[in-house]
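Here is a briefing on one protein model and its ligand. Look over the sequence and the structure first, then read the notes by topic.

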Amino acid sequence: ALPHDMAGVRMLITAGGTREPLDPVRYLGNRSSGKQGYALARAATHRGASVTLIAGATTELAAPAGVEVVPIVTATELADEVGKRAGDADVVIMAAAVADFRPVSVAESKIKKGASGPAPIELDTNPDILRGIVAARDRGELGGTTVIVGFAAETGDASGGVLDHGRAKLARKGCDLLVVNAVGDGKAFGTDDNTGWLLATTGSETALPLGSKTLMASRILDAVGDLLGGSRSH
Ligand code: C5P
């Protein structure tokens, strides 16, 4: 790709995991490291895009130079920040691992061990942020947003349905591109390497060979660039 081929492109990227508090010291979380989202933010900046990175919990990652970083903790906060900013973005990449559920209530003080054993945790469903922005775009509410990218972390291998899950998820979410990666057994989460497939609503399916998350980022941005180019020339 050309250096600075994304000059002037406004990109909103989410990264890391959300944490859903139970009480002042405990939360429900996940194993996302944030590395793929940060790699995307760095690569997009190098290509000239202006990048806002909405960041949840990560392993200790330095803020990429030149990137506006907006910290969030919960899925609700992530949804609020994406809602505020998606209308100003040309590209939205949802690399964050968003908790599907949150505790119904957050205890004000530390939950004590009950005499009668563990207390059940009641959960509410978090909004699907990715589906929300696709729906908003389809209603014409996002103005400039042209390209929306989702991620799908699936357990299993290609023959074990990872690709089928990915195809179904692309259709369900309605985004333009879906990055499918196999997780579990030490794959993807927390590692520096990644592999998977890039599925597009155009029907194209590209295998992403095992490589660094930086390499993966540049493949993803190439595909985004193709879609931007297409929409700009029309
Ligand atoms: O359905 P699933 O969680 O596998 O979908 C993953 C994709 O959807 C990711 O791009 C993730 O950022 C996004 N997502 C979301 N809101 C949720 C759950 C997932 O935007 N509540």
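Helices and strands here are DSSP runs, numbered from the N terminus; a helix has at least four residues and a strand at least two. By that scheme, Leu-210 belongs to strand E12. The model is predicted.

**Ligand shell**

- Which residues surround the ligand? They are Ala-75, Met-94, Ala-96, Val-98, Asp-100, Asn-126, Asp-128, Ile-129, Leu-130, Gly-150, Phe-151 and Ala-152.
- Helix H3 (129-138) and strand E9 (147-155) are the elements that give two or more residues to this shell.
- E9 gives the most, with 3 residues.
- By class, the shell holds 8 nonpolar, 2 polar and 2 charged residues.

**Nonpolar core**

- The largest nonpolar core counts 62 residues.
- Met-11, Ile-13, Leu-40, Val-149 and Ile-220 have the most contacts inside that core.
- Ile-220 touches Leu-40, Val-149, Val-179 and Leu-198, with residues up to four places away in sequence not counted.

**Helix H3**

- Ile-129, Leu-130, Ile-133, Val-134 and Arg-137 are the buried residues of H3.
- Viewed down the axis of H3, these buried residues fall within an arc of 140 degrees, so they line one face of the helix.
- Their cover includes helix H2 (75-85), strand E6 (91-94), E9 and helix H4 (162-173).
- Gly-140 follows H3 and has a positive phi, near 80 degrees.

**Parallel pairings**

- Strand E1 (residues 10-15) and strand E4 (residues 50-55) run parallel and are joined by 6 bridges.
- Ile-13 has Leu-53 in E4 as its bridge partner. Ile-13 is also one of the residues with the most contacts in the largest nonpolar core.
- E4 also runs parallel to strand E5 (residues 68-71), with 4 bridges between them.
- Gly-150 stands opposite Leu-178 in E10. Gly-150 is also among the residues around the ligand.

**Strand E10**

- Strand E10 (residues 177-183) is mostly covered, with 7 of its 7 residues buried.
- Leu-177, Val-179, Asn-181 and Val-183 point one way from E10. Leu-178, Val-180 and Ala-182 point the other way. All of them are buried.
- Val-179 is one of the residues that Ile-220 touches.

**Antiparallel pairings**

- E10 pairs with E11 in the antiparallel sense over 5 bridges.
- Val-180 has Trp-197 in E11 as its bridge partner.
- Strand E11 (residues 193-200) and strand E12 (residues 205-212) are also antiparallel, paired over 6 bridges.
- Asn-194 has Gly-211 in E12 as its bridge partner.
- The hairpin of E11 and E12 has 4 residues between the strands. In this hairpin, Gly-203 takes a positive phi near 100 degrees.

- Is Leu-210 buried or exposed? Leu-210 counts as exposed, because 11 C-beta neighbours lie inside 10 Å, and the cut-off for exposed is 12 or fewer.
- Leu-210 and Asn-194 are 16 residues apart in sequence, and their C-alpha atoms are 5.6 Å apart.
- Beyond its neighbours within four places in sequence, Leu-210 is in contact with Asp-193 and Thr-195.

- Pro-24 is in the loop between strand E2 (20-21) and strand E3 (27-28).
- Pro-24 is exposed, with 12 other C-beta atoms within 10 Å.
- Pro-24 and Glu-108 are 84 residues apart in sequence, yet 6.7 Å apart from C-alpha to C-alpha.
- Leaving out neighbours within four places in sequence, Pro-24 is in contact with Ser-109 and Lys-110.

- Where is Thr-18 placed? Thr-18 is in the loop between E1 and E2.
- Thr-18 is buried, because 28 other C-beta atoms lie within 10 Å, and the cut-off for buried is 20 or more.
- Thr-18 and Gly-29 are 11 residues apart in sequence and 6.3 Å apart in space, C-alpha to C-alpha.
- Thr-18 touches Gly-56, Val-73, Thr-74, Ala-75, Leu-78, Ala-96, Val-98 and Ala-99, not counting residues up to four places away in sequence.
- Ala-75, Ala-96 and Val-98 are also among the residues that surround the ligand.

Key:
Residues are numbered from 1 along each chain as its sequence is written. This is a predicted model: local features need pLDDT of at least 70, side-chain atom pairs count only at pLDDT 80 or more; totals for chains, interfaces and linings use all residues. A residue is near a molecule or strand if its C-beta atom, placed from the backbone, lies within 6 Å of it. Ala, Val, Leu, Ile, Met, Phe, Trp, Tyr, Cys and Pro count as nonpolar, Asp, Glu, Lys and Arg as charged, and the others, Gly among them, as polar. A nonpolar core is a set of buried Ala, Val, Leu, Ile, Met, Phe, Trp, Tyr and Cys residues joined through C-beta atoms within 7 Å. Two residues are in contact if their C-beta atoms, placed from the backbone, lie within 7 Å. The arc is that of the directions from the helix axis to the C-beta atoms. Two strands pair if DSSP finds at least two bridges between them.
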